[in-house]
Amino acid sequence: MTSKDKRTYDAIVIGSGASGGWAAKELCEKGLRTLVLERGRDVQHVKDYPTASKGMWEYELKGAVPLKDQLAYEGQRWMRADVMHWKVRNDEQAFIQEKPFHWFRGYHTGGKSLLWARQTQRWSDFDFEGPARDGFAVDWPVRYKEIEKWYTHVEKFVGISGKKDGIPELPDSEVQKPFDMTCLEDYFKESLKKHYGDKRHLIHARCAHLTEPKEIHFAQGRVKCQSQTMCNRGCNFGGYFSSNSSTLPWAQKTGKLTLRPDAIVHSILYDEKKSRASGVRIIDRHSGEEIDFYAKIIFVNASTINSNAILLNSKSSRFPNGLGNDNGLLGKYLSCHNYRGKGNAVYEGFTDKITSGRRPTNAYIPNFRNLQKQETPFLRGYASGISSGRPFNPERTDLIGSSLTDSILNPKYQGWYIASWMMGECVPVESNHMRLHESLKDKYGIPQIVLSVEWTENDDLMVKDYQEQTEEMFHRAGFSNINVRDTKSPPGSDIHEMGGVRMGHDAKTSLLNKWNQLHHCKNVFVTDGACMTSTGSQNPTLTFMMFTARAANYAVDELNRRNL
Ligand SMILES: Cc1cc2nc3c(=O)[nH]c(=O)nc-3n(C[C@H](O)[C@H](O)[C@H](O)COP(=O)(O)OP(=O)(O)OC[C@H]3O[C@@H](n4cnc5c(N)ncnc54)[C@H](O)[C@@H]3O)c2cc1C
């Protein structure tokens, strides 16, 4: 490490999660010696999934986490023993919620690609043309036609289950066969058709699970999803896509990848003479040592909020307010999805039917609001996730012997339930922002992040519409005990943070150009959620991965043309 040569690579990727893994794969495949810097510990596929095949009964407290052990994670969700190994302690990276914000982090190799719910729907021009049509944010510098082939590129490698639904506002993906719908979902689908014609659809959610693995997936060492539905522990089969099971081992096989875990990126170094970024400064998580690494190109994939923070902390004489931040917009227009609305109901019929087996995904109603023209008092729209089932209801817990066997073999089921959850597009506004605190530092001496994001009137109106429309759809389907509500959960609860380093045509109003390059520092590419100009209503990670693959290939071409 003492020699600068040994710390010099062709490319550096910051972060090894869903998008960073894609940058590593594409750059290594094209022959670039690539260093991936990851702030968390290393996690190797299979070897480091300690709970992957463990029964809940094998835990000391049947999967519960003692209160004293929860203190270090106060305010976080999912306090379960089977996933505690992915949790980030609150004192690992102190941050300030100027307004309430739930920030869900995954700091280890693979990032949140090990934790995600794997829902993957494409964007359409309804999304890319949204800001220009409806007059918010700035115009996206791309349209669907230009990026379509990159969606295909990513989907073929990842493996997506679903159907070709032929819905223009949710373009078809490259799919493998879907998981079945329940009889109640089939029924609800028909009810939507009957009452709303081709205006509302219930479809199989597209999700990153292998149902018909191809050669390319076997070559990654992955096999068919076993429907264990224990995905968030890490999957020994590689049945779902994660960086750990897919892109990182693929990059490793090229011999071009160096992965350095426990390397917290502090900032990007800027060479004033050459007017370009020269490398990255890290703090070693164990020794506290500062080390600089160098490369021709840098991909920033630390997840939205951390990518913003790294750029804000990358100060130089040329960029006193953060790298590329001439217009002062870095960290602004931070946005997320509106997951406040929830609904559930019951159905009296189908008492002769039960579900069989497990399903790692759900059904999905794509956005049906404001598609062709503005028709509501709020801008944009929302999709809904849908699930249903018949819970098994053990009537007695005190049975033993043959009566216990009998109750297990002849289980009593409750009636059918159906549940819905809202996934609304948030319209980015300048006041929703993040910045670095002037004096407070985290335990590594890096300025603390201040998050200042709140719901807008547009979000409130959208929740109201979701409630009314869900109630109406449930009612028309003949469901009863309908309960649709606004949970008032704070921003961030959707775990889809986006923006702050948005793409656009104009360097005066955006930070990145159409290739995800900083307008003012062309060898730095930001391709995670930070680049998002607007948020759509679709789960966004597929789009981050698509932009990453596209930008990485462009970067290599530009290097070959000697433009970088
Ligand atoms: C419970 C849950 C369910 C979700 N479900 C879905 C879903 O169904 N569909 C969907 O589209 N999205 C879903 N998401 C969101 C999805 O996980 C993220 O959008 C996606 O992982 C983002 O990819 P990324 O590469 O930007 O960040 P990440 O995957 O989070 O990776 C970022 C990496 O960067 C590292 N890092 C951070 N800071 C630094 C630093 N300073 N130096 C070095 N490394 C750093 C982190 O440790 C991490 O490994 C879900 C998320 C959660 C938590």
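Trainee: Is Glu-98 buried or exposed, or partly exposed?
Mentor: This is a predicted model, and in it Glu-98 counts as partly exposed because its relative accessibility is 42%.

Trainee: Which residue does Glu-98 form a salt bridge with?
Mentor: With Arg-435; their closest N and O atoms are 2.5 Å apart. Glu-98 is in the loop between strand S3 and helix H3, while Arg-435 is in strand S16, 337 residues apart. Arg-435 has 27% relative accessibility, so Arg-435 is partly exposed too.

Trainee: And what about Arg-122 and Glu-155, where do they lie?
Mentor: Arg-122 lies in the loop between S3 and H3 and Glu-155 in helix H5, so their pair ties together parts 33 residues apart in sequence. The N to O distance in that salt bridge is 2.6 Å. Arg-122 is buried at 2% relative accessible area, and Glu-155 is buried at 1%.

Trainee: How many salt bridges does the count come to?
Mentor: The count comes to 40.

Trainee: New topic. How many residues are in the largest nonpolar core?
Mentor: It has 85 residues, and Ile-14, Ile-268 and Phe-547 have the most contacts inside it. Helix H5 gives the largest share, seven residues.

Trainee: What does Ile-14 touch?
Mentor: Its contacts include Leu-37, Val-265, Ile-268 and Phe-299.

Trainee: Last one, helix H6. Why does its span agree with what it should be?
Mentor: H6 has 14 residues, which at 1.5 Å a residue should span 20 Å, and its end C-alpha atoms are 20 Å apart. Just after H6, Gly-197 takes a positive phi of about 60°.

Technical notes. Residues numbered from 1 in each chain as written. Predicted model: local features only at pLDDT ≥ 70, side-chain atom pairs only at ≥ 80, totals over all residues. Heavy atoms only, no water. Helix = DSSP H or I, 4+ residues; strand = E, 2+ residues; numbered from the N terminus. Expected span 1.5 Å × (residues − 1). Core = buried A, V, L, I, M, F, W, Y, C linked by side-chain atoms within 4.5 Å. Buried < 20%, exposed > 50% of the residue type's maximum accessible area, 1.4 Å probe, protein only. Contact = heavy atoms within 4.5 Å. Salt bridge = Lys/Arg side-chain N within 4 Å of Asp/Glu carboxyl O. Lists of a residue's contacts leave out its neighbours within four places in sequence.
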